[in-house]
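We will go stop by stop, with something to select at each one.

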Amino acid sequence: MSWTRAPIGDVVAALSAISEEYDRTGEGNKGVNIVLIDPTAKNPQVSLTLRNTTLKRVLDFVTEGVGYQYEVQADAVDRKSTRLNSSH
């Protein structure tokens, strides 16, 4: 997978679709819900090329690259900005 200056919203959508396509768990719901929480609406750009890696590692690299963090929950992966709003 490869992105060059792609908005993080596009990357999140692509990762969710890819997780559904490659989900080998059998019948029923497939893929991973990836939720972008970007209260500052910065929508940073991602530039990254990876191959032969897990979704977890992709999330690690993407979030590190834009200064975000993610949390795995029972029904979703939340991606959050760690940047502080200057008005606080």
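Where does Met1 lie relative to strand 1? Select Met1: you will find Met1 in the segment before strand 1 (2-7). Strands here are DSSP runs of E with at least two residues, helices are runs of H or I with at least four, and both are numbered from the N terminus.

A note before moving on: this is a predicted model, in which local features need pLDDT of at least 70, side-chain atom pairs count only at pLDDT 80 or more, and totals for chains, interfaces and linings use all residues. Residues are numbered from 1 along each chain as its sequence is written, and side-chain values use heavy atoms, with hydrogens and water left out.

**Stop 1: Met1**

Stay on Met1. Met1 is partly exposed, with a relative accessible area of 36%. The cut-offs: buried is under 20% relative accessible area, exposed is over 50%, and partly exposed is in between (1.4 Å probe, protein chains only). Now show its contacts, meaning heavy atoms within 4.5 Å. Beyond its neighbours within four places in sequence, Met1 touches Leu15, Ile18, Leu48, Thr49, Leu50 and Val58. Met1 and Ala14 are 13 residues apart along the chain, and their C-alpha atoms are separated by 9.6 Å.

**Stop 2: the whole chain**

Switch to cartoon view. Look for 2 helices and 5 strands. Trace them along the sequence and you get β-α-β-β-α-β-β. The chain has 88 residues, and 30% of them count as buried. Take the contacts with a separation of 6 or more: residues 24 or more positions apart account for 54% of them.

**Stop 3: the largest pocket**

Which residues are closest to the centre of the largest pocket? First, its space: about 200 Å³. Now select Ile18, Ser19, Tyr22, Asp23 and Leu55, the closest to the centre among 14 lining residues. Helix 1 (8-21) and helix 2 (55-66) are the elements that give two or more residues to this lining. Helix 1 gives the most, with 3 residues.

What counts as a pocket? On a 1 Å grid over the protein atoms alone, a pocket is an open set of points with protein on both sides within 12 Å along at least five of seven lines; a cavity is a set where a 1.4 Å probe fits but cannot get out, and lining residues have an atom within 4 Å of a point. Grid points are joined across faces, edges and corners, and the volume is the space filled by probe spheres set on the points.

**Stop 4: Ser19**

Zoom in on Ser19, in helix 1. Is Ser19 buried or exposed? Ser19 is buried, with a relative accessible area of 11%. Leaving aside neighbours within four places in sequence, Ser19 is in contact with Gly31, Val32 and Leu55.

**Stop 5: a loop**

Select the loop between strand 2 (34-37) and strand 3 (45-49), where Ala41 lies. Ala41 is not a glycine, yet has a positive phi of about 55°. Ala41 counts as exposed, at 62% relative accessibility. Asn43 lies in the loop between strand 2 and strand 3 too. Phi of Asn43 is also positive, near 45°. Asn43 is partly exposed, with a relative accessible area of 34%.

**Last stop: confidence**

Colour by pLDDT, the predictor's confidence in each residue, from 0 to 100. The chain averages 83, and 88% of the residues score at least 70. Select residues 83-88, where pLDDT stays under 50. Where pLDDT is low, the predicted coordinates should not be read in detail.
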